[in-house]
Structures are given as structure tokens and as C-alpha cells.
Amino acid sequence: MIDFLPSIRQLFAFVFFITGIYFLLSTAVGLIRFPNLYTRLHAGSKCLMAGGISVFMGCIALEGISFVSLKLIIILAFLLITNPIAIHVIAKFDNNYNLIPKVYTKEDFEK
Amino acid sequence: MINIVFYLLLLFLIITAFFMVFTKDLSNSVITLPLFGAILVIIFVILQAPGVALAGAIMTAGLTTAFFVITINKTEY
Amino acid sequence: MLYVILAIILSAILAFYRVFKGPSLPDRLVAMNSIGVMFLLVLVLLSYYFERKIFLDVALVYGISLFINVLIMAKYLKIPWKG
């Protein structure tokens with residue numbers, strides 16, 4: 001019974017790592033292909049933090065309960081607190097630039 | 001397998017350094033500087049040197065960029 | 001483990017296109033923040049690959065340094081038409 005435990009743990013780690021790779025690659029594609037600045041902020045905050053949480057949860061599932069796991073949880077909590085603050089500060093910094101996003105009306109879709 | 005990661009990081013380091021030197025605006029150059037420091041930190045970690053990596057993470061990626069940004073803010077270019 | 005590191009570094013190289021060819025300056029800031037967080041994940045995964053837990057301290061210090069960098073850049077970068 002105790003022999004099944006590392007294999008189940010590795011399977012959970014693989015699932016978390018594949019989810020993290022998917023979210024991080026979609027972050028890069030979103031940063032390249034989004035047309036506007038305020039949409040790039042979405043790709044830089046939400047998608048990136050989803051990938052980060054997935055990779056950290058994979059590492060925690062691979063480690064188990066120990067002191068290293070607590071250090072990983074501390075880094076994850078620090079990242080969860082500081083990255084929205086950084087994105088919010090960048091969004092306030094945009095206010096100086098008068099970047100008005102282009103508004104699509106109904107005639108543009110009918111063309 | 002670790003060799004592929006190492007050579008990819010070296011290529012990325014060269015691209016970052018050339019962009020940092022040959023760009024026109026000074027603000028673009030100072031934004032690219034912490035990326036250069038971060039790639040250098042990862043290369044030191046791969047080469048098994050955690051002390052140098054800690055010093056690089058504080059100095060190259062942290063304090064040097066902050067001093068450059070404040071200095072560019074004080075001057076006129 | 002190493003394929004995850006390779007995929008994250010490939011994603012960082014793809015995101016460097018926005019630093020290289022951003023129309024305005026906050027675009028480059030957002031891309032720089034994203035690449036920094038990706039490199040922090042690479043540092044954490046390399047600590048598991050080499051099985052030396054001292055490398056997690058490097059990741060923690062680099063995270064603090066990245067946050068301070070973004071705050072100082074957003075406050076003190078020069079806006080060209082405000083003198």
C-alpha cells in the first residue's frame with residue numbers, strides 16, 4: 001500500500017506541470033498577439049499567475065510535507081501578494097500616456 | 001540535455017546584450033538590464049555557484065537598475 | 001523535469017518579442033515582469049533538478065529584487081513630455 005504513494009504523487013506532479021506549461025505558453029502567445037495594452041495586462045497578470053500556481057503546486061506535490069515545502073509555500077504567497085500590486089502600479093503608470101483603446105462600433109463589424 | 005538549456009540561455013544572453021547596446025531610446029535600454037541580470041543568475045546556478053548567484057541577484061538585477069533609473073530621471077537627455 | 005524548464009525558457013524567448021518591438025513603454029514593462037516571473041519558476045525547477053535546496057534562497061531573493069525593480073521603474077522612469 002505504501003508503494004503506490006510515490007507513483008500517485010508523481011502523477012499529480014505531471015498533471016500540474018503540464019497545466020503550468022500550457023498556461024505559460026498561452027501567456028507568451030497572448031503577449032504577442034493581443035492588439036491593445038489593456039488586454040496585454042490581462043495576459044501578464046491572470047494567465048501568468050495561473051501558470052505559477054500550477055508549477056509551484058507540482059513542486060509541492062513532488063516534495064511532500066517537509067521544511068522545503070514550507071519555503072515553497074512562502075515563495076508562492078509572496079508571489080501571489082506582489083504580482084497584482086506590480087500590475088496595478090503599471091496600470092496607473094499608463095495613465096500618463098493617453099492610450100485610448102480603439103472602440104469598435106457596429107459598422108466596423110458589418111464591413 | 002542540460003546542454004541544450006545552457007546553450008539556449010547563452011543565445012538569449014547575446015540577444016539581450018545586443019538589444020541593450022544598440023537601441024535608440026535610453027529607457028528601453030534600462031528596462032532590458034534586469035533581464036540580462038536574471039539570465040546571468042540562471043547561468044551561475046547551472047554552473048553550481050549559489051554564492052555568486054545570490055550576489056548577482058541582489059546587485060545586477062536589483063540595485064544597479066534602480067540607480068540607473070533614478071540617475072536617468074535626474075538628467076536631461 | 002528538464003522538458004518543463006525548456007518549455008518555460010522557450011516561452012520567455014517568445015515573450016521577449018514584446019520587449020523588442022513594443023509600441024510604448026508600459027508594454028515593455030509588462031513583458032519584463034512576465035519574463036522575470038518565468039525566470040523565477042526556472043530557478044525553482046533547477047533547485048529540484050540538481051537536488052540542492054540552497055538554490056531556493058536565490059529564487060526568493062530574486063523575487064524580492066524583481067518586485068522592487070518594477071516599483072522603482074513605474075515611479076521614476078522619465079515621461080518625455082512632462083520635462
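Between them, chain C and chain B bury about 3600 Å², 83% of it on carbon and sulfur atoms. Buried area here is the accessible area, with a 1.4 Å probe, that two parts lose on being put together, summed over both. This is a predicted model, in which local features need pLDDT of at least 70 and side-chain atom pairs count only at pLDDT 80 or more, while totals for chains, interfaces and linings use all residues. Residues are numbered from 1 along each chain as its sequence is written, chains are lettered from A and ligands numbered from 1 in the order in which they are written, and side-chain values use heavy atoms, with hydrogens and water left out.

To the interface of chain C and chain B, chain C contributes 35 residues and chain B 40 residues, where contact means heavy atoms within 4.5 Å. How many salt bridges does the rule find across the interface of chain C and chain B? The number is 0, a salt bridge being a side-chain nitrogen of Lys or Arg within 4 Å of a carboxyl oxygen of Asp or Glu.

Let me stay with this pair of chains and turn to their helices. Helices (H or I, at least four residues) and strands (E, at least two) are DSSP runs, numbered from the N terminus. Two packed helices are described by the angle between their axes and the distance between the axes. For α3(B) and α3(C), the angle is about 5° and the axes are 9 Å apart. The axes are lines fitted to C-alpha atoms, for helices over the stretch in contact, and angles run from 0 to 180 degrees between N-to-C directions. α3(B) and α3(C) are therefore roughly parallel to each other; angles under 35 degrees count as roughly parallel, over 145 as roughly antiparallel, 65 to 115 as roughly perpendicular and the rest as oblique. On the α3(B) side the contact includes Leu54(B), Ile58(B), Ala61(B) and Val69(B), and on the α3(C) side it includes Phe55(C), Val58(C), Tyr62(C) and Met73(C). By class, the residues of the contact of α3(B) with α3(C) are 16 nonpolar, 5 polar and 1 charged. Ala, Val, Leu, Ile, Met, Phe, Trp, Tyr, Cys and Pro count as nonpolar, Asp, Glu, Lys and Arg as charged, and the others, Gly among them, as polar.

Within chain C, the axes of α2(C) and α3(C) come within 9 Å and cross at roughly 175°. That makes α2(C) roughly antiparallel to α3(C). Among the residues in this contact are Leu40(C), Leu43(C) and Phe50(C) of α2(C), with Phe55(C), Leu66(C) and Val70(C) of α3(C). The contact of α2(C) with α3(C) has 16 nonpolar, 4 polar and no charged residues.

Chain B itself has 3 helices and 0 strands. Its C-alpha atoms fill a box of roughly 45 × 25 × 10 Å, taken along the principal axes. Of the 77 residues in chain B, 47% are buried, which means under 20% relative accessible area, with exposed over 50% and partly exposed in between (1.4 Å probe, protein chains only).

I now move to the other interface. Chain A and chain C bury about 3800 Å² between them, 81% of it on carbon and sulfur atoms. Chain A supplies 38 residues to the contact and chain C 41 residues.

Which residues form them? Arg40(A) forms a salt bridge with Asp27(C), the closest N and O atoms being 3.0 Å apart. This pair runs from helix α2 of chain A to helix α2 of chain C, and both Arg40(A) and Asp27(C) are buried. Lys71(A) forms a salt bridge with Asp57(C), with the closest N and O atoms 3.4 Å apart. Lys71(A) lies in helix α3 (residues 67-93) of chain A and Asp57(C) in helix α3 of chain C, so the pair joins two chains. Lys71(A) is partly exposed at 22% relative accessible area, and Asp57(C) is partly exposed at 25%.

Gln48(B) has a positive phi of about 60° although it is not a glycine; Gln48(B) sits in the loop between α2 (26-46) and α3 (50-74) of chain B and is partly exposed, at 35%. Glu51(C) has a positive phi of about 55°, again without being a glycine. Glu51(C) belongs to the loop between α2 (25-50) and α3 (55-76) of chain C and, at 64% relative accessibility, counts as exposed.
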